[in-house]
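Subject: Structure for you to look at

Hi,

Here is the structure I promised to pass on, with the sequence alongside. Have a look at it first, and then read on for my notes.

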Amino acid sequence: MEEKKLQFFRYWLMFLSVSVNAANTYVLVSFSMPEKLLKATLLDCEKHEIPAVINGLYQDSMPRTLDKIGYFASLAPKLSMLIDPRVFERYQVTQVPALIVEQKACTDIVYGNLSLDLMLEKIKSHGGCHA
């Protein structure tokens, strides 16, 4: 039981460190995504050092959510991941994965099953913030 508590606090500290990061680029994901797509997206997030945001708890359970996050953290140890429904609400995101890039008063959002390289290139070449 003590190991579970330690694991909980370790992941909670990870959430807090990301929450105060004030990053302006996010990838919104869901545990309901197909596992292969979710893994690929989270590995891409780690590669690009972009925080992954989930909307809420897995099966409405903090222990199950921590188990899921622990599993993905074992695959991508440098991944930053947080639970923040406010990000979903702020940008009115209802489908995932979604890449959000916010610059000053301008926000670009790209949805779909694309690599982050392609999503970032799409924003760079066709995004409203770069027009």
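In the hairpin of β4 and β5, where two residues sit between the strands, Lys 104 takes a positive phi near 50°. Helices (H or I, at least four residues) and strands (E, at least two) are DSSP runs, numbered from the N terminus.

Some housekeeping before the rest. This is a predicted model, in which local features need pLDDT of at least 70 and side-chain atom pairs count only at pLDDT 80 or more, while totals for chains, interfaces and linings use all residues. Residues are numbered from 1 along each chain as its sequence is written, and side-chain values use heavy atoms, with hydrogens and water left out.

The overall picture

The protein chain has five helices and five strands, and from the N terminus on they run α-β-α-β-α-β-α-β-β-α. Of its 131 residues, 40% count as buried (under 20% relative accessible area; exposed is over 50% and partly exposed in between, with a 1.4 Å probe and protein chains only). The chain exposes about 8,000 Å², and carbon and sulfur atoms supply 54% of that; these areas come from the Shrake-Rupley method with a 1.4 Å probe, and for residues only the protein chains shown count as cover. Taking contacts (heavy atoms within 4.5 Å) between residues at least 6 apart in sequence, 64% join residues at least 24 apart.

The sheet

The five strands form an open sheet in the order β3-β2-β1-β4-β5, with mixed pairing. Two strands count as paired if DSSP finds at least two bridges between them. β3 (81–83) and β5 stand at the edges with a single partner strand each, so one side of each is left without a neighbour in the sheet. From one strand to the next, the twist averages 25°. (Axes here are lines fitted to C-alpha atoms, for helices over the stretch in contact, and angles run from 0 to 180 degrees between N-to-C directions.)

Strand β1 (residues 25–29) runs antiparallel to β4, and four bridges join them. If you want to follow that pairing by eye, Thr 25 has Val 101 of β4 as its bridge partner, Tyr 26 stands opposite Ile 100, and Leu 28 stands opposite Ala 98. With strand β2 (residues 52–54), β1 pairs in the parallel sense over three bridges; there, Val 27 has Ala 52 as its bridge partner. β4 is also joined to strand β5 (residues 106–111), antiparallel and through six bridges, with Glu 102 opposite Thr 107.

How well covered are these strands? Five of the five residues of β1 are buried: Thr 25, Val 27 and Val 29 on one side, and Tyr 26 and Leu 28 on the other. In β4 (residues 98–103), five of the six residues are buried.

Helix α5 and its surroundings

α5 packs on the sheet, where it touches β1, β4 and β5, and its direction makes about 40° with that of β4. Which residues of α5 are buried? Leu 116, Met 119 and Ile 123 are.

Helix α2 (residues 35–48) and α5 (residues 116–126) pack at an angle of about 65°, with their axes 10 Å apart. Asp 44, Cys 45, Lys 47 and His 48 of α2 meet Leu 116, Asp 117 and Leu 120 of α5. By class, the residues of this contact are three nonpolar, one polar and three charged (Ala, Val, Leu, Ile, Met, Phe, Trp, Tyr, Cys and Pro count as nonpolar, Asp, Glu, Lys and Arg as charged, and the others, Gly among them, as polar).

Finally, take a look at Phe 72, which lies in helix α3 (residues 62–75). Phe 72 counts as buried because its relative accessibility is 2%. Leaving aside neighbours within four places in sequence, Phe 72 is in contact with Phe 31, Leu 38, Lys 39 and Leu 42. From Phe 72 to Leu 42 the C-alpha to C-alpha distance is 7.7 Å, with the two 30 residues apart in sequence.

Enjoy exploring!

Best wishes
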